Amino acid sequence: MLEVKDLGISFGGLKAVQNFNLTLPSAGLYGLIGPNGAGKTTVFNLLTGIYQPQTGSLSLNGKNLLGCKPHEVTAAGIARTFQNIRLFPNLSILDNVRLAGQIRIRPKLVSTFLRTNGYREQEAALKAQAMDLLEIFDLQDRAEDLAQNLSYGHQRRLEIIRALATKPSVLLLDEPAAGLNPQEKLALAQSIRQIRDRFEVAILLIEHDMQLVMDICERIVVLDHGVTICEGTPQTVQNDEKVIAAYLGAIADDA
Amino acid sequence: MSASDVLIEPTSHGVNILKSAAPILVGIALAVGIQFLLPSTVGPYYSRLVIDAGIAMILAVSLNIVNGMTGQFSIGHAGFMTIGAYTAGSITFYSSLLIWGTAAKHGSFLGSGEWMFVIACLCGGITASIAGFVVGLPSLRLRGDYLAIVTLGFGEILRVLLQQTGKVVDNAEIVRNAPLTTFATVPVGGAIGFDGIPKYTTLFWVYAFLAITVIFAYRLKRSSFGRAMLSVREDEIAAQAMGINTSRQKLLAFITAAFFAGVGGGLLAHESGVIISPKDAGFQRSFDYVIMTVLGGRGSITGVMLAAILLSGLPEVLRDFERYRIIIYAALLIFMMLSRPQGLFGIHEIWDFFPRSWKTLPWKKSPREEAQ
Amino acid sequence: MLDIENLSVSYGSIRALRGISLKVEPGEIVTLIGGNGAGKSTTLRTISGLLSPQEGQILFEGKPIASKSPHAIAANRLIHVPEGRGIFANLTVEENLRLGAYCRKDTHEIRQDYEHALELFPRVKERLWQLAGTLSGGEQQMVAIARALLARPKLLMLDEPSLGLAPQIVQLIFQVIRKINAGGTTILLVEQNANLALQVAHRAYVLEVGKIEMSGPAAELANSDDIRKAYLGGH
Amino acid sequence: MADFLQTLMTALAIGSLYALIALGYTMVYGVLKFINFAHSDIVVLGAWLSYSFAIRALPLVGLDAHNPATPPPIWMTAGIFVAVLLLCSLAGFLIERLAYRPLRRAPRLNVLITAIGVSLLLQNVGQLDFVFGASPQKMPALLPNWELPIQFGQGESIRYVVLPLIDCIIFAVSGLLMLALELLIFRTKFGTALRAVSFNTDFAALMGIPVDRAISLTFMLGSALAGAAGFLYVLKFPSMNQPAHSVWVLLGLKAFVAAVVGGIGNIRGAVLGGFIIAFVEQFGAYYISSNYRDVYVFSLLILILLIKPTGLLGSPVREKV
Amino acid sequence: MPTCFATSDSESCIPLTRDKTPTRLTKRTISLRQFLRLSKVVGIFLVAATSLMSLGCQSRVASTDEIVIGHFGSITGSEATFGISTDRGIQLAIEEVNAAGGVNGKKVRLITYDDKGDPREAGSAVTRLVTRDQVTAVLGEVASGLSLAAAPICQENGVPMISPSSTNPKVTQVGDMIYRVCFIDPFQGSVCAKFARENDKIKATKAAILCDQTAPYSVGLQEEFEKAFTAGGGTIVSKQAYQAGDQDFSAQLTSIRASEPEVIFIPGYYTDVGNIALQARKLGLKVPMLGGDGWDSAKLGQIAGDALNGCYYSNHYSHEDPSPRVQNFIKLYQGKYQETPDGLAALGYDAARILFTAMKTAPSLSGKDIAAELAKTTGFEGVTGVISMDANRNPVKPAVILEMKDGTPRYVATIAPGE
Ligand SMILES: Nc1ncnc2c1ncn2[C@@H]1O[C@H](COP(=O)(O)OP(=O)(O)OP(=O)(O)O)[C@@H](O)[C@H]1O
Ligand SMILES: Nc1ncnc2c1ncn2[C@@H]1O[C@H](COP(=O)(O)OP(=O)(O)OP(=O)(O)O)[C@@H](O)[C@H]1O
Ligand SMILES: CC(C)C[C@H](N)C(=O)O
Ligand SMILES: [Mg+2]
Ligand SMILES: [Mg+2]
C-alpha cells in the first residue's frame with residue numbers, strides 16, 4: 001500500500017504540487033488526471049525520488065521512502081514509465097529488460113571476472129526472467145533487436161515491460177496511451193488490467209484519454225495547478241463541476 | 001513484495017575451469033608464445049612496437065570502460081597511467097636498491113626480479129585506482145564536457161606536482177641509511193623524469209596483462225555491471241529509475257579503468273628506452289587514448305584494440321617522413337574519423353561483422369550462447 | 001498544391017515509405033492517419049526536406065522540392081510543425097514567435113500576423129516573456145502553431161498536434177485548425193486521434209507500413225467499417 | 001603596494017587576453033556544443049599571420065621591422081589587423097566546412113577528435129620552413145611604445161608600476177568585443193536564429209534558418225575573435241613561440257578553462273572567467289609560488305565546478321523528466 | 001525512438017535525421033556489405049600506411065661500401081629548432097667527410113629520425129636506428145632527458161652514442177658506449193657562479209634564479225649554480241620558476257624585483273630568455289642577467305635587442321673566435337644554410353667529426369672498437385674547443401663567457417676546467 005501525505009514541491013515561485021494525498025491499496029488501479037502542467041508528472045517524479053519533496057511524507061507498505069534516491073525507491077518497489085520514452089536506445093530489448101531485473105541480484109566484481117558458477121546461475125536466472133516477461137508481452141522474437149529500432153507503440157510496451165522487470169509493487173504509468181490510435185488504446189486498456197491482475201501490482205495511471213481512464217480506473221485523482229481538486233470514482237469525477245471546468249471541457253464524452 | 005525476498009542468490013560457487021578460466025589461460029599461453037617466438041622472427045624493433053601497441057591497448061581498453069561504456073568523458077587517463085608508472089617504478093627501483101644493492105635487473109624470465117615487478121605493477125594499479133576514485137567523485141555532479149575539463153585539470157595538476165619532486169636517490173647506501181625525511185621530497189626525478197628503473201617489461205608480461213584486461217573488460221561489458229554502465233551512458237535518469245545506482249557505477253568505472261591504466265603505466269615505466277616523466281601526465285598523452293577509444297567505437301572492445309594498434313603504430317610507420325610525419329598522421333586521423341564517424345566498429349565487436357556461418361562453427365560459440 | 005508521386009524513403013536499411021502518392025489541393029484539410037510506425041511523420045519530414053527521398057517526386061505548387069534543403073522549403077511557405085512541437089526551449093515565447101517570421105521581410109505585415117496569432121491564442125499572449133521550455137505541453141503546442149502561422153504558410157503540416165494534450169486543449173487546437181483553414185491556409189494533418197482528424201478533414205489518406213492503404217473523402221472513410229475497426233476503436 | 005598594483009595590472013591585461021580567446025570558445029560551444037580544440041591554433045595563426053604581414057609590410061614604408069622604436073603608421077597597423085581577421089575567419093570557415101560539417105550528425109566526441117586532428121595538422125604545417133618555420137620570432141612593434149609609469153615611494157625604495165598602451169588597448173578591445181557579441185546574440189534576429197540553431201538544428205531549419213550558413217558564420221566570427229586575440233597577444237608578448245609549441249595549446253586550454261569557469265556558452269561568463277583565471281594565476285604566482293601556476297588554475301576550476309557544476313554564470317540545466 | 005517529444009532536452013531525442021548516410025545498424029545482422037565497407041576503410045588505411053612505409057624504406061638498404069649513422073632529435077614539436085640546428089651541423093660534417101673521400105674510403109650516410117621532443121619517441125627512434133637500420137653509431141639527443149631515455153638502448157646493443165649537447169651528468173653514466181662533446185652542468189654552473197661572484201662588473205653577493213621547471217637541463221643547472229654560488233659566499237635571495245614557452249613572467253619578475261638581487265641567473269632556453277629580458281626591463285629591473293648555453297642563438301639578440309645589454313652567458317664557443325677552424329665552420333655553415341650557426345649546430349658538427357675521427361683510427365667499425373677509440377680522444381680540435389675525454393666519457397674543455405651587446409654576443413673570457 002502506497003501512502004502519500006501532503007506532498008508538495010515548488011520550482012522557484014511556482015507551486016508545482018501542493019498537499020498531494022493518496023492512498024493506493026495493493027493491486028489498486030487509480031488514475032491521475034488534470035490539465036497540461038497541472039503537476040501530474042511532477043507527482044511521479046516526487047514519488048520516485050527524482051525530485052525531493054519539500055513537504056509531506058511518503059511510504060510504501062509502511063516503509064518510509066522520503067529522502068530516498070531514485071534507485072532506492074525502485075528497489076523498494078515503485079517502478080515507472082516516462083512521458084517521453086526513455087529506453088536505452090542502443091541496448092538490445094533483452095538487455096533493457098535484464099537491466100531492470102538486476103536490481104534483484106547482488107553481483108560481485110570478482111565472480112564476474114572469474115565467471116564463477118554462481119555468477120552463471122545468476123545471469124541465467126536473470127535472462128530467463130527477462131525472456132519470460134518478453135514472452136508474456138509477445139516481444140520474445142525481437143529480444144536481440146536494439147530498442148531504438150522498435151516502432152513507437154512497441155517502445156511504449158517495452159517501457160512497461162522494463163518497469164515490470166524490477167518486480168514492483170506499485171507501477172506508475174505516465175501517459176502510456178499517448179501516440180496510440182483509438183484501436184491500440186483499447187488494447188492497451190486491456191493489458192493494463194491484465195498486468196494488474198497477473199503481477200499483482202498497484203497501478204497509478206496518468207492519461208489524457210478520458211475514455212480509457214474512465215474505463216479502467218477504480219478511482220481518479222484530479223489535479224489542477226498542483227492542487228487536488230477532486231477525488232473519487234469515475235462517475236463522481238466525471239460529474240464534478242470543477243473538473244469539467246478545469247479539464248474535461250464541455251464536450252467531455254465526445255472523442 | 002519486498003526487495004529481499006526476490007533476491008536471486010547464487011547457490012554454488014567455484015569456477016568451471018573449462019568454461020571460465022580457459023580464456024585466461026589461453027591468453028597467458030599466447031603471451032608466452034609471443035614472448036618466445038616474436039623477437040626471433042621480427043627482431044627487437046618490431047618487438048618493441050608490439051610492446052608499445054600492447055600497452056596502448058591496455059590503456060585504451062581501460063579508458064573505454066569510462067568513456068565508451070559508461071559514457072563519461074575523461075581526458076585524464078594519462079594521469080592514472082602516470083600515477084601507476086611512478087608508483088610501480090619507485091617500488092621496483094627502491095626495493096631493488098634495498099634488497100640487491102643495485103637497481104639493475106635481477107633474475108631472468110619469471111625470476112624474483114620479475115615477480116617484484118609484477119607486484120609493483122599491481123600496486124601501481126591500486127594507487128591509480130585510488131586516484132580514480134578521487135577523480136571519479138566529481139563525475140557524480142558533473143556532466144559531459146564539464147567532467148572532461150576536470151579530468152584534464154587533474155592530469156595537468158599532476159604534471160606540475162611531479163615536476164616538483166626531488167632527485168632520484170640511486171645509491172643503495174644512502175637509501176639504506178637515509179632518514180625518512182629524505183623521502184619527503186618524493187625522490188622520483190622531478191622534471192628530468194624517473195630514470196634508472198630496472199627494465200623488466202617483456203612481451204610476455206605486457207600481453208599477459210593485456211589478456212587479463214581484455215577478458216575483464218569483455219566480461220564486465222557482458223555482465224550486470226556492464227549493462228548498468230551502458231545504461232548510465234544511454235540515459236542516466238532512466239537508469240536510476242530502473243534501480244541502477246548510477247553514482248556507484250560511475251565510480252566503479254573510474255576505479256577499474258584507473259586500475260588497468262595504472263598497471264599499464266607500471267609496464268610502461270619498466271619498458272626499456274622509456275623514461276617516465278611529468279610530461280606523461282599531461283593532456284597530450286591523454287588525448288592519444290581518447291582518440292583511440294573514439295576511433296574504435298563507443299564501447300567496442302575489439303574496435304578500440306584495433307584503433308590502439310593503428311594509432312600507436314602509425315607514427316612509427318611514418319617515421320621516414322621526418323618533418324611531414326605528424327602532418328600525414330593528422331590528415332589520416334581526420335580522414336578516418338570522417339569516413340567512419342561511428343568509430344571503426346561502432347558499438348559492435350569484431351565478430352559481429354563476421355558472416356553468421358563463422359560463428360556457428362562447432363568450436364566457436366557465438367557471444368549470445370556464451371552468455372547463457 | 002502539393003503533389004507526391006511514388007515516394008520512397010529509408011532509414012538505413014529500414015524502408016519507412018514504399019512508394020506513396022498523395023495530393024493536397026489548395027484550401028483543403030487533408031489528414032494522414034495510420035498506426036504506429038506507419039510512416040506518417042516520415043512523410044512530413046521528407047516533404048519539409050529533413051529527409052531525402054530514395055525515389056519519387058514531391059511537387060509544391062508545381063515545382064519539385066525533393067532535393068531542396070529544409071530552410072529553402074520553409075522559405076517557400078511550406079511550414080512543418082514537427083512531432084513534439086519543435087519549440088526552442090532556450091528562447092522566450094516571443095523569440096520563438098519571431099523566428100516563425102524569420103524568412104519574411106514585410107515588417108508591417110508581420111506585426112499584423114503577430115497580433116492575429118496572439119488573438120487566436122490568448123494563453124500565449126500572457127506568456128510572451130517566459131522561456132518556452134517551461135510551458136506546459138498544451139501551451140507549447142499553441143506556441144508551435146502560432147509560430148507556424150507567423151510564416152504565413154501556404155501549406156501547413158501539423159504532426160500530431162493533439163499528442164499529450166488534455167481533452168479541453170485538444171478541442172481548442174482543432175477549433176483553431178478549422179479557423180486557420182477558413183482563413184485560406186491549406187493544411188496537411190497527421191493524427192493518431194483519427195476520430196477528430198476525420199471530423200475536421202475534407203479528405204484523408206490511410207497509411208500502413210509505408211503504403212497508402214486507402215484514401216477518400218473524410219466523411220466516407222469515417223463511416224467505413226474497416227476504418228472503424230482498425231483505427232477508430234469502433235465495434 | 002607597488003608590487004600589488006603591478007600584479008593587478010598584469011592580471012587585468014592577461015585576463016583580457018584570456019577573455020578574448022575564451023569568447024571564441026564559448027561562442028562555438030554555445031552553438032555546436034563541442035570544444036573546438038583547433039581554436040588555439042587559430043590564435044596561433046592570427047599571431048603568425050600578424051608577424052608575416054608586419055615583417056613584409058614595414059619595409060614597404062621604409063621602416064626597420066626589428067626596431068621597436070619605430071612603429072608604422074596607424075593605418076598600416078589597422079590594415080594588418082583587418083587582414084588577419086579576414087584570413088582567420090576564412091581559415092575558420094574552411095575548417096568547419098571540411099572537417100566538422102561532415103560530422104554534424106555524429107556524436108560530438110567524434111568532432112572533438114577531428115578537432116584534435118585539425119589542431120595537430122595546423123601546428124605541424126605551420127612549423128614547416130616555407131610556412132612559418134620552427135624558430136621563435138620577434139614581432140615587430142606595430143604600436144608606439146607608450147607606457148605610463150606610476151611612481152611609488154621615494155629615493156632608495158622608488159618603484160614604478162607601468163601601464164603600457166597595449167594593455168589598455170587589449171582591455172578596451174576585449175570589452176568592446178564582448179559587448180558587441182552580447183548585442184549580436186541577444187538583440188539581433190541573427191542572434192536569435194543562432195540560439196535556435198544551438199538548441200536544435202532540425203527545428204531551426206524548419207523555421208527557414210539556413211543552418212549550415214549560420215554555423216559557418218559562427219565559426220568565422222569565432223575565428224575572427226581568435227585572430228584578434230592572436231594579434232593582440234603578440235603585440236603584448238612580442239617574442240613569439242613557434243607555431244607547434246605546446247604552450248599555445250596550454251594557452252588555449254586556460255582560455256577554455258576560463259570559459260568553463262564562467263559557464264560555458266555564456267558570453268559574460270567567458271569574460272568573468274578570463275579575469276578570474278588571470279587573477280588566480282598572477283596572484284598565486286606572486287604571493288605563493290611561481291612553481292604551481294597551473295595548479296592554481298586547474299584547482300580553481302575543479303573547485304568552482306564542484307560548487308557550481310555549470311560554472312559561475314552558467315544556467316543550471318535541469319532536465320525535465 | 002521514432003518520435004521526438006522532448007522539448008527541453010534536445011539531445012535525448014533522436015534527431016529528425018536528414019539521413020544521407022545510413023547510420024542505423026541492427027544488432028548482429030550486419031550485412032556482408034557493411035563488413036566489406038568497414039574492411040575497405042581499414043584496408044585503404046593499411047595499404048596507404050604500408051605503401052608509404054615501403055616508399056620510405058627503399059633507400060634504406062644498407063650496402064657494404066657505406067657507413068650509416070643515425071641521428072635522433074626533435075625535428076618537430078616545441079624544441080624543433082634544437083633538433084634542426086644539430087641536424088644541420090651533422091649534415092655539414094658528413095658532407096665534408098664525404099667530399100674528402102669518406103671514412104676509410106666509405107661514404108657516410110645519415111638517417112635522421114624525429115622524436116618530437118618526447119622521451120618515448122626517442123626510445124623507439126633509437127631502437128629503430130640501432131636494431132632495424134643497424135647504424136654504426138648514434139648521434140643525439142640535444143636534451144638530456146631524451147638522451148637518458150635512449151642511452152640504455154645504445155648501451156645494451158653496443159652501439160656508441162654521442163650526445164652533442166646533453167649537459168646533465170647522468171647521461172654518460174649510463175655506460176661505456178655513451179659519450180658527449182659538451183661540458184657538463186656542474187662545470188657550467190660553477191663557471192657561471194664564479195663569474196657572477198668575481199667579475200668586476202657584477203661582483204654579486206645576492207642572486208635570484210629564474211628557472212624553467214619543465215626542462216631537466218634548466219633544473220640541473222640551477223642546482224649546480226646554487227651550490228657553487230653559495231659555496232662562494234653568495235646568497236640566493238629568490239628562486240622562481242616558469243614553464244618553457246610561458247609568455248608572461250611578470251609575477252616572477254615582480255617577485256624578484258622585490259628581493260633586490262644583484263644578478264639574475266636564468267638557466268633557460270633562448271626562446272624564453274628574450275621575453276624574460278624584455279619584461280624585466282619594462283618592470284625596471286636593471287641588474288645584469290646571466291645564463292648558460294641555452295641562451296645561444298642568433299635569435300636571442302633579435303628578440304631581446306638591447307634589453308640584454310650587459311648580460312652574460314656561458315657557451316661552448318664564440319663565433320668571434322678568430323681561430324681558423326671556427327671561422328671556417330661558420331663560413332661553411334653560412335654558405336649552406338644562410339644563417340649563423342648556433343652552439344647546437346657547432347656541437348652537432350663536432351660530435352659527428354669526433355665520431356669520424358674515431359672511426360678512422362678504430363681497428364674495425366664494431367661498436368666496441370669505436371667506443372674504445374672515442375674514449376681515447378685527446379686534444380681533438382673542435383669548433384667548440386679542444387676536447388679530451390675523461391674517464392667518465394665527458395670532454396674536458398673550456399667554456400667561454402659571452403656578453404650581449406646590442407643584440408650580439410661578444411667574447412669576454414674563456415674559463416678552463418679546474419681554474
Ligand atoms: N524541473 C522543473 N523546473 C521548473 N518547473 C518545472 C519543473 N518540472 C515541472 N515544472 C513545472 O511544473 C508544472 C507541472 O509540470 P508537470 O510536468 O508535472 O505537468 P503535467 O501535469 O505532467 O502536464 P502534462 O500533462 O502536460 O504532462 C509545470 O508548470 C512545469 O512547467
Ligand atoms: N530516426 C529513425 N531511425 C531509424 N528508423 C526510424 C527513425 N524514425 C522512424 N523510423 C522508423 O520508420 C518507420 C516509420 O516511422 P514514423 O515515425 O514515420 O511513423 P509514424 O507513422 O509517424 O508513427 P507514430 O504514430 O508512432 O509517430 C518506423 O518503423 C520507425 O521505426
Ligand atoms: C639545448 C641545450 C641547452 C640542452 C641542454 N644542454 C640539455 O642538456 O638539456
Ligand atoms: Mg506530464
Ligand atoms: Mg509520427
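Which residues of β8(C) are buried on one side, and which on the other? T186(C), L188(C) and V190(C) are buried on one side, and I187(C), L189(C) and E191(C) on the other. Buried means under 20% relative accessible area, exposed over 50%, and partly exposed in between, with a 1.4 Å probe and protein chains only. This is a predicted model, in which local features need pLDDT of at least 70, side-chain atom pairs count only at pLDDT 80 or more, and totals for chains, interfaces and linings use all residues. Residues are numbered from 1 along each chain as its sequence is written, chains are lettered from A and ligands numbered from 1 in the order in which they are written, and side-chain values use heavy atoms, with hydrogens and water left out.

**Strand β8 of chain C**

- Strand β8 (residues 186–191) of chain C has 6 of its 6 residues buried, so the rest of the structure largely encloses it. Helices (H or I, at least four residues) and strands (E, at least two) are DSSP runs, numbered from the N terminus.
- Strand β3 (residues 29–33) of chain C pairs with β8(C) in the parallel sense over 5 bridges. Two strands pair if DSSP finds at least two bridges between them.
- In that pairing, I29(C) stands opposite I187(C).
- Strand β7 (residues 155–159) of chain C also runs parallel to β8(C), joined by 5 bridges. Here L158(C) stands opposite L189(C).

**Magnesium sites**

- The magnesium ion (ligand 5) has S41(C) (OG) and E83(C) (OE) as protein donors, 1.8 to 2.2 Å away. Donors are N, O and S atoms within 2.8 Å of the metal (3.2 Å for Na, K and Ca); water is not among the atoms, so sites may look incomplete.
- S41(C) lies in helix α1 (residues 40–47) of chain C, and E83(C) in the loop between β6 (78–81) and α3 (93–100) of chain C, so the pair ties together parts 42 residues apart in sequence.
- S41(C) is buried at 11% relative accessibility. E83(C) is buried at 5%.
- The magnesium ion (ligand 4) is coordinated by T41(A) (OG1) and Q83(A) (OE1), at 1.8 to 2.1 Å.
- T41(A) sits in helix α1 (residues 40–47) of chain A, and Q83(A) in the loop between β6 (78–80) and α3 (93–101) of chain A, so this pair ties together parts 42 residues apart in sequence.
- T41(A) counts as buried at 13% relative accessibility, whereas Q83(A) is partly exposed at 25%.

**Chain A: helix α3 and D240(A)**

- α3(A) is mostly covered, with 9 of its 9 residues buried. Among them are I93(A), L94(A) and D95(A).
- D240(A) is in the loop between α9 (234–239) and α10 (241–248) of chain A.
- A polar atom of the D240(A) side chain lies 2.8 Å from the backbone nitrogen of K242(A).
- D240(A) and E159(A) are 81 residues apart in sequence and 33 Å apart in space, C-alpha to C-alpha.

**Sheet of chain E**

- Chain E has an open sheet of 5 strands in the order β2-β1-β3-β4-β5, with parallel pairing.
- β2 (107–114) and β5 (178–180) of chain E stand at the edges with a single partner strand each, so one side of each lacks a neighbour in the sheet.
- The twist averages 25° from one strand to the next. Axes are lines fitted to C-alpha atoms, for helices over the stretch in contact, and angles run from 0 to 180 degrees between N-to-C directions.
- Strand β4 (residues 161–163) of chain E pairs with β5(E) in the parallel sense over 3 bridges. S163(E) stands opposite R180(E) in β5(E).
- Helix α2 (residues 80–99) of chain E packs on the sheet, touching β1 (66–73), β2 and β3 (137–139) of chain E. Its direction makes about 170° with that of β2(E). Contact means heavy atoms within 4.5 Å.
- Helix α12 (residues 343–361) of chain E lies across β1, β2, β3 and β4 of chain E, at about 165° to β3(E).

**Between chains**

- S290(D) is in the loop between α10 (267–288) and α11 (293–307) of chain D. S290(D) is buried at 3% relative accessibility.
- Chains A and B have the most contacts among the 9 pairs of chains that touch.
- Chain B and chain C do not touch, and their nearest C-alpha atoms are 14 Å apart.

Technical notes:
A polar contact is a pair of N or O atoms within 3.5 Å; within protein, one must be able to donate a hydrogen and the other to accept it, and residues adjacent in sequence count only if both atoms are side-chain atoms.
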